[in-house]
Structures are given as structure tokens and as C-alpha cells.
Amino acid sequence: MNEFIETKDVHLYYGEKEALKGINLSFPARGINALIGPSGCGKSTYLRTLNRMNDLIPGVTMTGSVQINGQNVYSPKTDTVELRKKVGMVFQQPNPFPFSIYENVTYGLRIAGIKDKQLLDERVEESLKQAAVWDEVKDTLHKSALSLSGGQQQRVCIARVLAVKPDVILLDEPTSALDPVSSGLIEDMLLAIRDNYTIIIVTHNLQQASRISDRTAFFLNGELIESGQTKQIFMQPQKKATDDYISGRFG
Amino acid sequence: MKTKVENQVALAIIRLIAILVVVILAFLLGDILLAGVPHISWHFLTAPSQSFTSGGGIGIQLFNSIYLLVLTLIISFPISLGAGIFLAEYAPKNFLTAIVRMAIEVLSSLPSVVVGLFGFLLFVVQLKMGFSILSGAIALTFFNLPLLTRNIEESLAAVPTLQREAGMALGLSKWRTVTRIILPEALPGIITGVVLGAGRVFGEAAALIYTAGQSATNIDFTQWNPLNSASPLNMMRPAETLAVHIWKINSEGVMPDANAVSAGSSAVLIIAVLLFNLLARVLGNALYRKLTASKTN
């Protein structure tokens with residue numbers, strides 16, 4: 001049976017350096033998947049192969065196959081613009097555009113050619129509500145997104161991704177630059193939308209992974225050590241390295 | 001104890017140098033303005049200049065300076081915008097772009113009188129454009145182009161990579177990311193650079209002596225057809241600018257009030273350049289605030 005996202009034997013090189021050493025990993029449709037591992041283990045790099053963000057970095061070469069919903073992501077026929085509409089991404093640092101909150105959230109839609117004011121308004125409210133930031137910004141939608149706090153900015157960035165209704169949401173350490181309260185809000189929000197999206201989150205925070213994810217994959221030195229149900233990874237890891245990492249003996 | 005003394009000595013010297021710079025500037029500005037401002041009047045700013053009698057103004061020169069500046073910007077801004085975007089966003093790091101960068105650097109360090117003579121030989125003589133505003137504008141473009149390109153490239157490069165990733169990750173093409181996100185964000189820096197460059201162009205004389213010429217033909221401010229030779233908008237007429245006028249009065253001026261005209265013109269030029277600097281700051285800050293702070297609607 002085919003999984004929603006399937007990656008086979010993914011190798012990735014930054015110049016000479018091999019950053020991913022043959023990753024075989026798949027994710028079912030819907031639910032939250034956590035990628036954990038120490039810094040430099042390749043988890044962010046792996047995440048970025050899924051929407052081809054690594055294409056932007058000069059000197060990167062990649063082999064192996066990545067399929068999302070049966071589509072070969074690295075086929076020459078793949079339109080990266082279309083791909084990234086289906087596979088949204090949230091970054092470590094909040095990166096709102098220097099425009100109003102409203103414009104930020106509608107950006108993807110308006111680029112896609114949607115002009116209907118009513119539809120845009122609806123989508124803004126819906127996305128901001130999903131991202132758990134509506135109550136805080138509903139009266140200041142036309143203020144610059146840069147005037148918000150870091151936590152609010154990050155949730156607006158998530159709303160910006162949700163607005164285009166992607167299938168997959170990639171989050172690259174989305175809460176590591178935020179305070180615990182904002183992080184908690186984002187975790188709750190992810191739990192609330194887990195049934196509608198395939199979510200893959202890179203995190204350094206093991207508690208976060210164990211709190212919110214359904215499945216967890218552990219990366220070390222560019223290799224996938226172990227993956228499975230989160231409960232199992234945290235309670236009965238099969239590999240010693242996994243056990244050492246989650247019990248804090250290194251990393 | 002020794003490092004403390006060293007620190008204080010260094011600090012004292014640096015302060016002294018800073019004060020010296022400010023004093024020199026203040027002295028220069030004070031001298032020029034004190035000598036010139038009393039001669040500035042509405043008549044002085046609008047009347048045509050006189051070659052042999054006193055009471056001449058700088059109206060035509062002032063208009064020429066502004067018109068030349070506008071033309072220069074119209075020619076140089078689109079070119080440097082394209083070049084800046086290419087260098088900041090698209091240029092691969094290879095031998096060819098290294099040469100382009102170096103060419104820009106060399107171009108920006110060419111002495112203005114050399115650019116002027118080159119313009120004279122190529123545009124005025126070879127291409128038979130004569131001493132004209134157009135020849136002058138192209139010569140000034142040579143100057144402005146490297147500065148402006150560099151400024152635009154740097155303003156674009158100063159926008160964090162995260163913004164590019166945000167755009168791309170949202171499914172924007174590279175071109176749209178650059179034009180719809182990166183460019184607006186870099187705009188305050190770009191505008192500041194354009195206005196500062198404009199100040200420099202406004203005060204340029206050496207490159208214009210041989211290209212836009214040293215004579216201010218009488219122009220008819222009621223005739224706005226650019227093809228009419230008396231029209232202020234005619235690009236093919238010779239046009240002495242304010243800076244060239246100052247140079248000319250001081251080297252061969254025979255009117256009885258040459259000193260007064262020179263002082264007044266200098267003051268006007270300095271005030272204009274100061275205004276450009278002030279405008280650059282105000283515009284840059286205002287744009288930055290508009291982008292980052294609250295909007296009214």
C-alpha cells in the first residue's frame with residue numbers, strides 16, 4: 001500500500017559533504033509527524049527536500065525519489081510553484097512580509113488570481129482562526145504584520161500557509177524562537193488541525209515531539225536511525241542511539 | 001593603568017578628528033551661505049543671465065540643472081534597477097559576473113573630466129548630437145549608473161534570505177518573489193540612494209562642460225513643444241547648468257557683478273544639494289515607517 005509521502009534512498013550533498021545518507025521514510029495522509037535528532041543531523045535538510053527548497057541553495061545535488069500523493073516531486077515536469085502551493089512551509093524565524101496582516105494572509109491567494117473580496121475576507125478569518133491568532137489581530141488586520149510580537153508573527157505565517165489550503169505543512173522548528181506561551185498556542189493549534197493536514201514538524205524539543213506527534217523519526221549524522229509510532233519511539237526504542245538521545249545522554 | 005591611558009588618548013584623538021571634520025564643513029557652508037544668500041532673490045532665481053551687464057539671474061541655468069537631472073534619472077534608473085536585480089538575485093558567482101562587478105567599480109572611479117571628454121568625442125562629435133542636454137544626460141548616466149546599481153544591489157541584498165524563502169515556499173515564482181516582496185522591502189534604501197545620487201549629479205560640472213555645453217540659450221517658458229528649439233523641454237539645445245555657470249563666471253566672467261552672481265549661484269547650489277540630502281533622509285525614514293508601522297485604512 002502506498003503512503004501519502006514516500007521517500008526512497010534520498011542522498012543529498014552540499015558540495016562534497018553528504019548530508020543525507022540514503023533516507024527511506026514515508027508518512028501516511030493526515031496526522032502529525034515529528035523529526036527529531038541533534039543539530040546537523042539532516043532533519044531540516046530532509047524536510048526541505050519535500051518541497052524542493054534545497055533547489056535554491058547552490059551546490060546541492062540530490063539523488064533518490066520523493067513522491068507525494070503518487071506524484072514524483074523531482075520529475076522534470078514538476079512545477080515547483082505548484083508543488084509549493086500543495087506543500088506549505090513554516091520556518092524557524094517568523095518571516096512575515098512587510099505588509100499588513102490581511103495582505104500577508106491573502107498573498108498566496110491573490111498570487112493564485114483570487115480577487116473576490118468576500119472570499120478573501122472569509123479565508124483570512126478562517127485561516128487566522130485556525131492559526132489561533134484571530135482574536136488578537138481581528139481589529140488590526142490592516143496594520144503591518146511586523147508590528148506584531150514574534151509569537152503572533154509566527155501564527156500569522158502559519159495562517160498564510162493555511163490560507164492556500166495545502167495538503168502538507170512542513171514546519172522547521174517553528175517554536176524554537178518563541179516563548180513557552182506562544183509555543184503552547186502553536187502546539188494546540190497543530191493538534192486542532194491534525195485531522196485535515198499531513199503535518200511534518202522538525203523539533204529540538206523532545207517534549208514537544210512526544211506531546212503532539214503521532215509518529216516520530218530519529219535522525220543522526222545524516223541517517224534515519226529509527227521511525228515509528230511516537231509512543232513506541234519514546235517508550236521502547238529499538239536502537240541504542242535512539243534510547244541515548246531521548247533519555248538525554250547526548251545531543 | 002596603561003591601557004586606560006591609551007584608551008583615553010585614542011578617544012581624545014578620535015573626538016578631535018570628528019570635531020575637525022564638522023568645523024571644516026561648518027566653515028565652508030557658513031562662508032558660502034553668508035556670501036551668497038544676500039544675493040538670492042526671486043529675480044535672481046528666475047531671470048536669464050547677463051554676459052556683460054549686471055543684474056543677471058540664473059533662471060535658465062537652474063531649470064537646465066533640474067531638467068538634466070530628471071533626464072539622467074529617467075535614463076539611468078531603469079538600467080541600474082535591472083542590473084542591480086540581476087546582480088543581487090540572479091547572477092551566478094562566476095568569472096563573468098566578477099568582471100561585471102569590476103567594470104562597475106572602475107566606471108564609478110573614472111574622473112568626471114575624462115567622462116566629459118569621452119562624451120564630447122563620442123556623442124557631441126561622432127554622433128553629431130552637438131552640445132546638448134541629451135549628450136549631458138548620457139554622460140551623467142555614466143556616473144550615476146555604477147553608484148545607483150551598487151546601491152540597488154546592496155539594498156536588495158540587505159533583505160533577509162528568509163523573505164525569499166517565505167515567498168518561494170508560498171509558491172511564488174522567483175521573479176514574483178523579487179518584484180513583489182524583495183523590491184518593496186528594499187525600496188526605502190533604493191529611494192535614499194537615488195536622491196543622494198541626484199544631489200551628486202546636480203552639482204556635477206566637469207563632465208558637463210564638454211557635453212551639455214557652456215551656453216544658456218534663451219528659452220521661452222511659454223513654448224512647451226519639445227521639438228521647438230526654444231522650448232525648455234528641447235533635448236537637443238545646449239544647456240549650461242548651475243554648476244557649469246559657476247565655473248564659467250569664475251574663469252571668464254566679465255559682467256560687473258560676477259562675484260555676486262557667483263556667490264549667489266554657489267549658495268543656491270549648496271542649498272539644493274543639502275535639500276537633496278535632507279529629502280533622502282526624510283523619504284527613506286517615511287517609507288520605512290510606512291512599511292513597518294501601522295497603516296491607516
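## A helix to start with

Let's begin with helix α6 of chain A, residues 150-163. Helices (H or I, at least four residues) and strands (E, at least two) are DSSP runs, numbered from the N terminus.

This is a predicted model, in which local features need pLDDT of at least 70 and side-chain atom pairs count only at pLDDT 80 or more, while totals for chains, interfaces and linings use all residues. Residues are numbered from 1 along each chain as its sequence is written, and chains are lettered from A and ligands numbered from 1 in the order in which they are written.

## Around α6 of chain A

How many of the 14 residues of α6(A) are buried? The count is 13, which leaves this helix mostly covered. A residue is called buried if 20 or more other C-beta atoms lie within 10 Å of its own, exposed if 12 or fewer do, and partly exposed in between, with C-beta atoms placed from the backbone.

After α6(A) comes K165(A), in the loop between α6 and β7 of chain A. Most residues other than glycine have a negative phi. K165(A) has 16 other C-beta atoms within 10 Å, so it is partly exposed.

## Strands of chain A

Strand β6 (residues 87-90) of chain A has V87(A) and M89(A) pointing one way and G88(A) and V90(A) the other, and all of them are buried. In a regular strand the side chains alternate between the two faces of the sheet. β6(A) runs parallel to strand β7 (residues 168-172) of chain A, and 4 bridges join them; two strands pair if DSSP finds at least two bridges between them. Opposite M89(A) stands L170(A) in β7(A).

Strand β3 (residues 31-36) of chain A is mostly covered too, with 5 of its 6 residues buried. Parallel to β3(A) runs strand β8 (residues 198-202) of chain A, joined to it by 5 bridges, and here I32(A) stands opposite I199(A). Strand β9 (residues 215-220) of chain A is also parallel to β3(A), with 4 bridges between them. The bridge partner of N33(A) in β9(A) is R215(A).

## Chain A as a whole

Chain A has 10 helices and 10 strands. Its radius of gyration is 18 Å, close to the 18 Å that the globule rule gives for 251 residues, so chain A is as compact as a globular protein of that length. The radius is taken over C-alpha atoms, and the rule is 2.2 Å times the number of residues to the power 0.38. Along the principal axes, the C-alpha atoms of chain A fill a box of roughly 55 × 40 × 35 Å, and buried residues make up 47% of the chain.

UniProt lists "domain: ABC transporter" (unreviewed entry) at residues 5-246 of chain A. UniProt positions are given in the numbering used here, feature names are shortened, and annotations may be inferred rather than shown by experiment. That span is 38% helix and 27% strand, and its end C-alpha atoms lie 25 Å apart.

## Where the chains meet

The contact takes 24 residues from chain A and 19 residues from chain B, where two residues are in contact if their C-beta atoms, placed from the backbone, lie within 7 Å. On the side of chain A that touches chain B, α2 (80-86), β6 and α3 (101-111) each supply at least two residues.

## A look at chain B

For chain B, UniProt lists "domain: ABC transmembrane type-1" (unreviewed entry) at residues 62-280. Over these residues chain B is 73% helix and 0% strand. UniProt also places the feature "transmembrane region" (unreviewed entry) at several stretches of chain B, including residues 65-87 and 260-280. Residues 65-87 of chain B are 100% helix, with end C-alpha atoms 31 Å apart; residues 260-280 of chain B are 100% helix as well, with end C-alpha atoms 30 Å apart.

Is K128(B) buried or exposed? With 7 C-beta neighbours inside 10 Å, K128(B) counts as exposed. It sits in the loop between α5 (112-126) and α6 (133-157) of chain B, and its phi is positive, near 55 degrees. D220(B), in the loop between α9 (206-209) and α10 (242-252) of chain B, is exposed too, with 11 C-beta neighbours inside 10 Å.
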